[in-house]
Amino acid sequence: MSKVLIIGAGGVGNVVTRKCVSNPEIFSEIMLASRTLEKCEKIATDIGSNRVKTAKVDADNLGELVFLIDKFNPKLVINVALPYQDLTIMEACLKTKTHYLDTANYEPKDEAKFEYKWQWAYHDKFKNAGILALLGCGFDPGVTGVFTAYASKHYFDKMHYLDIVDCNAGDHGKFFATNFNPEINIREITQNGRYWENGKWIETKPMEIHKPIEYPGIGKKESYLLYHEELESLVKNFPEIRRARFWMTFGESYLTALNVLQEVGMTSIKPVKFKGIDIIPLEFLKSILPEPSNLGEGYKGQTSIGCQIRGIKDGKERTYYIWNNCEHEKAYNDSKAQAVSFTTGVPAMIGSMMILSGKWNGKGVYNVEQFDPDPFMKELPKYGLPWHEQIDQPLPVEK
Ligand code: NDP
């Protein structure tokens, strides 16, 4: 039985809080803290459990974080605020000797560049303090790393080609909205694409490479090659991988709208003067777009995210596809969330469970694929994320 502090009361924070509440044997006391106290209170009231305490915290402020952690004294901090806060929250965990978990890697605010190097640099400090930082424990990154570790453990001697495929075939009825934090989402998809091949990164123009890929239960969808953070840790932790790519689907109207916003400068992160003050166009755009936590009601359709792998087992070629499909409507009925928040919040809770139950044990900074995937995989269907696998069939990404 452990106390846990969740930071960030957005779409993902709502799901993690609900899932922790549903698991009282592990999470005895829960505090949800965020920049806007009312958002924490709304979630806590909606859940209606007296086990959720709330607090206001600015996670960019180390002093405020340390004060809150000292006062509540959790065993683990679950960071589901924004990637900009990762390092400050890790610092606060170090100072208070508290375990740490997040779902997105650190990104400096003034440069759209996400890399693990800043967080991996904390390994020795966490090790010496006797605490664990578990990085990237949402769905992608997160479950995709666990899926890859599971494939490696049970199905391959060597994995050579990895394709992560992420499809959202849902319709929220809005003209333009992003399924997770708009600022982070738009920064991610408007930067150059990148994939790993034969020991080096190959860079592409944004959305330059695309093709239709077949998704189970959905059909063919145009899928775009993007750079995604788990590629960096997976090729490091499975050095036998010769090529690793990440594909994501986008609808035509979404891309047209994004293109217009980009062309007129609304996605820029460089300050511009507006009525005598400096504003960042992308921050302004975020403030007028729908919040990811409000998209759930009436959202139809489903997501499908998985890993398609080609490699060798017992001297023979082997293909393997493992995936989860998640319906937006089911996610809403379960947790008042759309499927993207749901598929992120559930693994964040399961990762926390792994740490607090001692099933994932380590001192230092780790990515999910470095731990035994089996206990994590066992929990996924229990909390609403069933998975399916196909062995030695043609891979949809290669068709
Ligand atoms: P939201 O924008 O819905 O929520 C973010 C929350 O963080 C908001 O409540 C916001 O507060 C809070 N916050 C922002 N800055 C601070 C701060 N300085 N101090 C305290 N709280 C702060 O985003 P999502 O819930 O969609 O995403 C949360 C995280 O999950 C992001 O890092 C995102 O990249 C990651 N993610 C990971 C995925 C994966 O599969 N691995 C998939 C989807 C998301 P306020 O309301 O006041 O702005």
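This report describes the fold of a predicted model, its ligand shell and several of its local features.

## Basis of the description

The model is predicted, and local features are described where pLDDT is at least 70, side-chain atom pairs count only at pLDDT 80 or more, and totals for chains, interfaces and linings use all residues. Residues are numbered from 1 along each chain as its sequence is written.

## Overall build

The chain holds 14 helices and 18 strands, where helices (H or I, at least four residues) and strands (E, at least two) are DSSP runs numbered from the N terminus. Its radius of gyration is 20 Å, close to the 21 Å that the globule rule gives for 399 residues, so the chain is as compact as a globular protein of that length; the radius is taken over C-alpha atoms, and the rule is 2.2 Å times the number of residues to the power 0.38. Along the principal axes, the C-alpha atoms fill a box of roughly 55 × 55 × 40 Å.

Of the 399 residues, 49% are buried, a residue being called buried if 20 or more other C-beta atoms lie within 10 Å of its own, exposed if 12 or fewer do, and partly exposed in between, with C-beta atoms placed from the backbone. Among contacts between residues at least 6 apart in sequence, 71% join residues at least 24 apart, and two residues are in contact if their C-beta atoms, placed from the backbone, lie within 7 Å.

## The seven-stranded sheet

Seven strands form an open sheet with parallel pairing, in the order β3-β2-β1-β4-β5-β6-β17; two strands pair if DSSP finds at least two bridges between them. β3 (52-56) and β17 (364-367) stand at the edges with a single partner strand each, so one side of each has no neighbour in the sheet. Neighbouring strands are turned by 20° against each other on average, direction ignored.

Helix α3 (residues 62-72) lies across β1 (2-7), β2 (27-34), β3 and β4 (76-79), running at about 155° to β1; axes are lines fitted to C-alpha atoms, for helices over the stretch in contact, and angles run from 0 to 180 degrees between N-to-C directions.

The ligand is surrounded by 36 residues, the closest being Gly10, Val12, Ala59, Gly138 and Phe180, where a residue is near a molecule if its C-beta atom, placed from the backbone, lies within 6 Å of it. This shell divides into 16 nonpolar, 14 polar and six charged residues; Ala, Val, Leu, Ile, Met, Phe, Trp, Tyr, Cys and Pro count as nonpolar, Asp, Glu, Lys and Arg as charged, and the others, Gly among them, as polar.

Helices α1 (11-21) and α13 (339-356) each supply at least two residues of the shell. α1 is also mostly covered, with 10 of its 11 residues buried, among them Val12, Asn14 and Arg18.

## Other covered elements

Strand β7 (residues 158-168) has eight of its 11 residues buried. It is joined by 10 bridges to the antiparallel strand β15 (residues 302-313), with Lys158 opposite Ile312, and by six bridges to the parallel strand β12 (residues 243-249), with Asp166 opposite Met248.

In helix α8 (residues 182-189), six of the eight residues are buried, so the helix is largely enclosed by the rest of the structure. Its buried residues, including Pro182 and Ile186, pack against β11 (219-226) and α11 (281-288).

## Loops and backbone details

Ile131, in the loop between α6 (123-129) and β6, is buried, with 23 other C-beta atoms within 10 Å. The C-alpha atoms of Ile131 and Gly364 are separated by 6.3 Å, although these residues are 233 residues apart along the chain.

Most residues other than glycine have a negative phi, and most peptide bonds are trans. Asn73, in the loop between α3 and β4, has a positive phi near 60° and is exposed, with 12 C-beta neighbours inside 10 Å. Asn198 likewise takes a positive phi, near 45°, in the hairpin of β8 and β9, which has two residues between the strands, and is exposed, with 7 other C-beta atoms within 10 Å. The peptide bond from Asp140 to Pro141 is cis, with omega near 10°, and Pro141 is found in the loop between β6 and α7 (143-154).
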